[in-house]
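Please open the model in your viewer and follow the selections below in the order given.

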Amino acid sequence: MYHPSRATAGALAGASMIALLAAGCSAGGGEAPAAAQDAVTQEQIDEALSTPTELTFWTWVPDIDKEIALFEEQYPEIDVTVENVGQGLEHYQKVRTALQSGEGAPDVVQIEYQYLSSFTLTDSLLDLAPYGAADLSGEYVDWAWNQVADGESVWAIPQDTGAMGNLYRKDILDAAGVTEPPATYEEYAEAAKKVKDETGSYISNLASNDPAQVVGLLWQAGVKPFGYDGDKTVTIDVNSPEAKEVLAYWQQLIQDDLVSTDADFNDAYYQGIVSDKYAGWLTAAWAPIFLQGTAADTSGKWAAAPLPQWEEGEQVSGNWGGSSDAVLSSTENPIAAYELAKWINNDPSSTTMFANEQFLFPAAKNVLESPEFTGQEVEFFGGQKVNELFAEISGTVDTEFPWLPFTEYAYSSFNEIVGTAIGEKGDLGAALDAWQEDLVTYAESQGFTVQQ
Amino acid sequence: MMTGTTVTAPTVAGSPVTSAKPRGSRAKRRSTMLTVVLWLLALYFVLPLFWLLIASTKDNADLFSSFGLWFGDRFALGENLASVFSFRDGIFVRWVVNTALYAGVSAVGASLLATAAGYAFAKYQFPGDKLLFSITLGAIMIPLTALALPTYLMFNSFGLTNTAWAIILPSLISPFGVYLMRVYAADAVPDSIIEAARVDGAGELRIFWQVGLRLLGPGIVTVFLFALVATWNNYFLPLIMLNSSSLYPLTVGLAQQQGAAAAGGGAQALFSTVITGSMISVVPLVIAFLFLQRYWQTGLATGGVKE
């Protein structure tokens, strides 16, 4: 029989070993990319795009062949091969293995924002600024652009985002006498109590296995737990007073049994959504579509609102998920590869298709500001214009949120330490301290200078 | 000569099983305990299959809202099958063909190699035979998964990664098959027949092909099935060796589909598609077992009885 979860875990462990082994064997891997070069001229671009070229693109976006077809129609000389080598960590391990074995690496590759710096650390990404990417900064929401750009350099083109909002079951909240979505976290806690007392449902779930959700909530609160100078210095500050304040709030709700702590994205979780166990989900812009796929039976009972706020009258959000397309520095066709990464995430025909067919929540303003996109009334949410709401929320995401160059480790360590404490309804402040210590030890063992 | 062999063959090949125990006392020794335990075990093994069968008839909504071991509100098997075969222009069919190719070629190759090696160990004495056989026994203890990484690095230096060879070549080696065939050949091919064949002037290779192989039938089928199942279900090796979805076997392909269903941006709710795909992927193995199980049992019994 076939066991995906166990197999995947084993595979990840194994794949990372390969990456290490391959690193040891292949004597340095690819050559370091040429440093800051002169800007590429329009002539060179035109020439590259009219020369027969084969590109490989690794991405897990479903049915992306449609956007690629548009690109190939525009530039018939460019032949793009799309491969899905896995999703998330599995995908990154494959990219690293290919880079280090010096063979078979793609030209363009999908990378989530929080993992970009783990690739710039190894000089694996091509700086896109000389190819014209620097001029694109105004075409994406500010915070998303800050995720891919770093000073003068641009490492990727934003593809999709996950600004966070509050999706809730209007019917359950109404039954509990909560007729307006809670505007502040104080109101949210009061509403949680009413919902639990009146209906028995949890107002939401804080997943014990999902660092990205907690980090998104910290992002909203203005916490800057991570930092990286692009060279050898990292900032680790996951147990700051502000971070502890956020988690202390959730700890209270968890210990009062007003918020559940189930692992998310598994069938028990989906059952919980369908069976009214949860009356809401503090989640991201991609979730409305996701819910429609898994909880079709609850159609029409949902509503969407911005996240509750820490200060009354404020309007701030965080981000959970989303990804970008980067060009690997090992590519032999940098201009064509850049044009591919840019075109599919910039040309309105492609960005509109991403938003309407794959339901990626856009980073490009040409979709976010298009009335056709924001005007859609979603039946699942009782006819609410959910896109419009999330487009507005996306504009309120805190614009600065740097990452560590080892997010993979930070996340798995989070699950072991903080995630476990969430699941056990334990002391989350102490868990943050332990996480901090673990991250600092790891960073120092990897040769980083740590600022705390 | 040939008539002599065919007459002797069935009795010898069948002897480990038929002569094992007198049958008369069996009916009286029926134990209630044992029956209950066996039924429980059967349930334990059949329930997941049953769940898979039921779940493949549900759509996503029913999957999460109805009882797992019975049908949901809608019978969506047809739609699920359609979505399995239309996903990414029917790449599922490609995965089935790949899996059948990898597993088929590997199983045929592995059983031939193991038979030849086992026969040689059993019937010939040559310098170093004990040492080589000990090494083979030792190799049984090393799981394929542990060898996957060194194999990857080796194949990479030959430029064989991301090709079908990367899956087939490592799967041709079956130390357990060699062991099984040695035990089986020692008993199933009597020395006297080999002697007789030699007297009749047959060369060693001819004796192996024309006499040995016929007598070793049940053992070969056993090794074939082992190798078929092992390669069919192999996940780790293709996962690290292959990068092109057009080369994936079912295991890796379905896992990637499952991955696409379980994460953030651009997630698709493909659960029922993945489940139905998994259901289809076990069907050929079930069929192979139903057809070949009597050989399988014979082979297992032989391996268990002899020393």
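Select residues 53–58 and 78–83 of chain A, which are strand 1 and strand 2: these run parallel and are joined by six bridges, where strands are DSSP runs of E with at least two residues and helices are runs of H or I with at least four, numbered from the N terminus, and two strands pair if DSSP finds at least two bridges between them. Within this pair, W58(A) has E83(A) of strand 2 as its bridge partner.

The model is predicted: local features need pLDDT of at least 70 and side-chain atom pairs count only at pLDDT 80 or more, while totals for chains, interfaces and linings use all residues. Residues are numbered from 1 along each chain as its sequence is written, and chains are lettered from A and ligands numbered from 1 in the order in which they are written.

Next, select the open sheet of three strands in chain A, whose order is 7-8-12 with mixed pairing. Strand 7 (226–228) and strand 12 (449–451) of chain A each have a single partner strand, so one side of each is left without a neighbour in the sheet. Strand 8 (residues 233–236) of chain A runs parallel to strand 12 of chain A, and three bridges join them; here T235(A) stands opposite Q451(A).

Finally, turn to chain B, whose secondary structure comes to 15 helices and zero strands.
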